[in-house]
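Here is a friendly walk through one protein, meant to be read with the structure open beside you. We begin at a single residue and then widen the view.

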Amino acid sequence: MTKPSLPDLLHAAVSAVGGTERPGQVAMAEAVAEAIDDNSHRLIQAGTGTGKSLGYLVPALAHGERVVVATATLALQRQLVERDLPRTVDALHPQLRRRPQFAMLKGRSNYLCLHRLHEGAPQDEEDGLFDQFEAAAPTSKLGQDLLRLRDWADETETGDRDDLTPGVSDKAWSQISVSSRECLGATKCAYGAECFAEAARERAKLADVVVTNHALLAIDAIEGAPVLPQHEVLIVDEAHELVSRVTGVATGELTPGQVNRAVKRSAKLVDEKIADALQTASETFERVMELALPGRLEQIPEDLGYALMSLRDAARNVISAIGATRDKSVHDEDAVRKQALAAVESIHTVAERITNGSEYDVVWYERHDRFGATLRVAPLSVSGLLREKLFEDRSVVLTSATLKLGGDFNGVAASLGLSPEGVEGDDVPLWKGLDVGSPFDYPKQGILYVAKHLATPGREGTRGDMMDELAELIEAAGGRTLGLFSSMRGAKAAAEELRGRLDNPILLQGEETLGELIKNFAADPKTCLFGTLSLWQGVDVPGPSCQLVVMDRIPFPRPDDPLMSARQKSVEEHGGNGFMAVAATHAALLMAQGAGRLVRASGDRGVVAVLDPRLATARYGSFLRATLPDFWYTTDRNQVRRSLAAIDATAKADGE
């Protein structure tokens with residue numbers, strides 16, 4: 001039997017989802033198929049509306065070997081598993097003569113733990129387990145969440161937190177879930193045969209396509225113990241997020257509260273002398289942290305160094321002793337010991353990492369009004385880790401609507417540990433970049449307006465001229481505005497000010513769940529929605545409800561961000577331009593994602609307004625503009641108001 005052709009398969013899949021084939025999607029599918037056949041790597045920029053999910057799923061399913069697809073957002077994981085994959089498999093089945101299987105796999109803490117549910121959670125004040133359902137008042141929010149979780153446990157087939165609607169608080173979920181370190185293991189657990197996390201792993205082992213998230217991909221790469229099943233092809237969607245997600249997984253932290261909990265959990269499982277040593281080390285660490293001031297620690301202060309060595313040594317002794325002890329008075333001792341061990345191992349790992357001191361790590365203090373001080377350690381760069389762990393023994397395709405920064409792929413490639421395109425050498429993964437464009441006519445569908453007449457934003461203080469400009473733009477647009485701010489404080493200040501000045505309803509991030517906010521924003525064209533740039537990357541509101549996207553300023557990292565400033569300094573020490581490589585690149589990615597909220601369908605029209613004159617006047621402005629969609633560009637404030645009013649009038653005439 002002849003092998004079905006890729007164009008025929010793509011045509012069948014696109015028809016099944018009621019779409020139309022686009023040249024960019026065809027080019028993408030061919031590039032993915034070529035990478036799989038050659039066992040090579042691709043970076044593919046596919047603009048909004050390309051249909052990139054099918055662009056990689058069709059060649060992946062046609063290939064026949066196991067494929068892992070890693071995404072950054074929950075929304076895309078659900079879309080793949082609940083919509084795109086079922087339809088695509090059904091459409092390709094007649095031609096492939098087989099029905100590829102697919103499964104979703106997440107980290108263990110995303111699944112309900114039956115042992116925790118039935119046997120209880122560790123109580124920090126005691127060494128044993130307690131019944132969290134008895135402890136929480138039934139009338140409290142926590143009590144109600146826990147009762148709902150107990151009922152849900154009898155109905156759910158997956159145990160996956162994301163299948164629970166409405167969701168519950170992190171505090172409630174932590175009472176009935178465990179991390180991989182805390183898990184007893186299926187063979188030792190009384191509920192191992194029914195375990196949801198184990199069942200998900202088993203489904204993944206049998207699947208042709210495994211859908212996971214960037215965090216689990218990072219854990220799989222960093223920790224050396226394979227979590228994902230063996231696979232020949234890795235497709236990373238939303239790849240612009242990968243570096244920050246991997247950095248997050250590779251970041252360690254220590255807080256006095258966390259150390260205190262570990263002391264309490266382990267106290268009765270080891271002899272008094274060993275327990276006292278950890279208690280003393282904990283108290284010393286707490287005293288140091290009380291005086292901690294936010295900022296990077298280029299050198300570890302003597303008092304902190306002593307406290308960390310004491311913690312490391314005391315934790316190591318507890319870990320050695322805890323394995324040998326048996327206490328018949330403790331209920332379900334295996335679970336209690338495992339919980340305590342996980343808590344102490346976590347402290348030992350971070351204390352040892354900071355004490356050993358690596359030139360490739362950045363250490364800093366953070367302070368929070370409610371939670372006090374935190375000590376953090378993160379890698380200066382994850383590029384070496386990604387080069388070594390990501391691109392070996394498999395073909396890797398990385399795709400996103402935003403991979404070209406300032407006009408080429410090399411900036412993103414460098415952050416992934418790749419050399420410039422076309423450079424060959426030992427241990428250098430070879431890759432090709434492809435921009436398949438977008439089906440949208442950006443110059444006709446959108447305007448990029450830079451408010452050149454405004455004052456340059458300062459670090460602090462309200463911007464009266466910016467508020468006036470924002471109010472006038474919203475009035476011209478008749479509402480329909482997504483306001484993207486560089487800080488939550490900025491979003492709140494704008495919402496408070498404009499609620500007093502405008503008749504338009506203004507929704508604010510944090511006042512409702514993200515889903516509710518987006519639903520209410522889409523339902524009423526007069527409504528505006530304000531929030532922070534970094535959290536709005538998944539917003540998809542086509543049509544007349546979103547015809548003005550406003551960014552208050554260029555979202556450079558804060559100058560006092562310890563990790564970003566350390567990365568910038570490192571680039572400069574190696575002869576590069578730290579500002580362009582780190583700060584401008586960070587801003588370009590966020591702005592491109594923000595601007596991408598405007599045109600989501602072929603009939604969309606609107607304006608992206610940037611209320612920061614530096615985009616027009618600064619030398620780096622052209623680099624940032626080259627990363628944005630190719631909208632018609634203007635700094636004429638009167639022209640943009642007329643355009644917004646015309647777009648508003650057209651939407652009203654069309655009956656919205």
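## Starting at R312

Leaving out residues up to four places away in sequence, R312 touches H348, A351, E352 and T355. Please keep in mind that this is a predicted model. R312 itself is found in helix α14, which covers residues 302-322. Is R312 buried or exposed? With a relative accessibility of 15%, R312 counts as buried, because the limit for that label is under 20%.

## The fold as a whole

Stepping back, the secondary structure of the protein comes to 26 helices and 20 strands. The C-alpha atoms fill a box of roughly 75 × 70 × 60 Å along the principal axes. For 656 residues, a compact globule would have a radius of gyration near 26 Å, and the protein agrees with that at 27 Å.

Of the 656 residues, 52% are buried.

## Surface and charge

The protein exposes about 29,800 Å², and carbon and sulfur atoms supply 48% of that area. As for charge, there are 72 positive and 94 negative side chains. The centres of these two sets lie 2 Å apart.

T374 lies in strand β11, residues 372-379, and is buried with a relative accessible area of 12%. Which residues does T374 contact, once neighbours within four places in sequence are left aside? They are E253, L254, T255, M289, W364, Y365 and E366. For one of these, L254, the C-alpha atom is 5.9 Å from that of T374, although the two residues are 120 apart in sequence.

T527, by comparison, sits in the loop between α21 (514-523) and β17 (528-532). At 4% relative accessibility, T527 counts as buried. Setting aside residues up to four places away in sequence, T527 touches G479, R480, T481, P505, L507, N520 and F521. Its C-alpha atom is 4.9 Å from that of P505, which is 22 residues away in sequence.

## Aromatic pairs

How many aromatic pairs does a search of the whole structure find? The search finds 7. Within the pair of F556 and F579, the ring centres are 5.3 Å apart and the planes meet at 55°, so the pair is tilted. F556 lies in the loop between β18 (548-551) and α22 (562-573), while F579 belongs to helix α23 (residues 578-595), so this pair ties together parts that are 23 residues apart in sequence. F579 counts as partly exposed, at 26% relative accessibility.

F556 also forms an aromatic pair with Y620, and this one is edge-to-face: 5.3 Å centre to centre, with 85° between the planes. Because Y620 lies in the loop between α24 (614-617) and α25 (621-627), and F556 in the loop between β18 and α22, the pair ties together parts that are 64 residues apart in sequence. Y620 counts as buried, at 16% relative accessibility. Elsewhere in the list of residues, ring pairs link F440, Y442 and F631 into a cluster.

Notes. Residues numbered from 1 in each chain as written. Predicted model: local features only at pLDDT ≥ 70, side-chain atom pairs only at ≥ 80, totals over all residues. Heavy atoms only, no water. Helix = DSSP H or I, 4+ residues; strand = E, 2+ residues; numbered from the N terminus. Rg over C-alpha atoms; globule rule 2.2 N^0.38 Å. Buried < 20%, exposed > 50% of the residue type's maximum accessible area, 1.4 Å probe, protein only. Areas by Shrake-Rupley, 256 points an atom, 1.4 Å probe, with all protein chains shown as cover. Lys, Arg positive; Asp, Glu negative; His and termini not counted. Charge placed at Lys NZ, Arg CZ, Asp CG, Glu CD. Phe/Tyr/Trp six-rings, centres within 6.5 Å; stacked < 30°, edge-to-face > 60°. Contact = heavy atoms within 4.5 Å.
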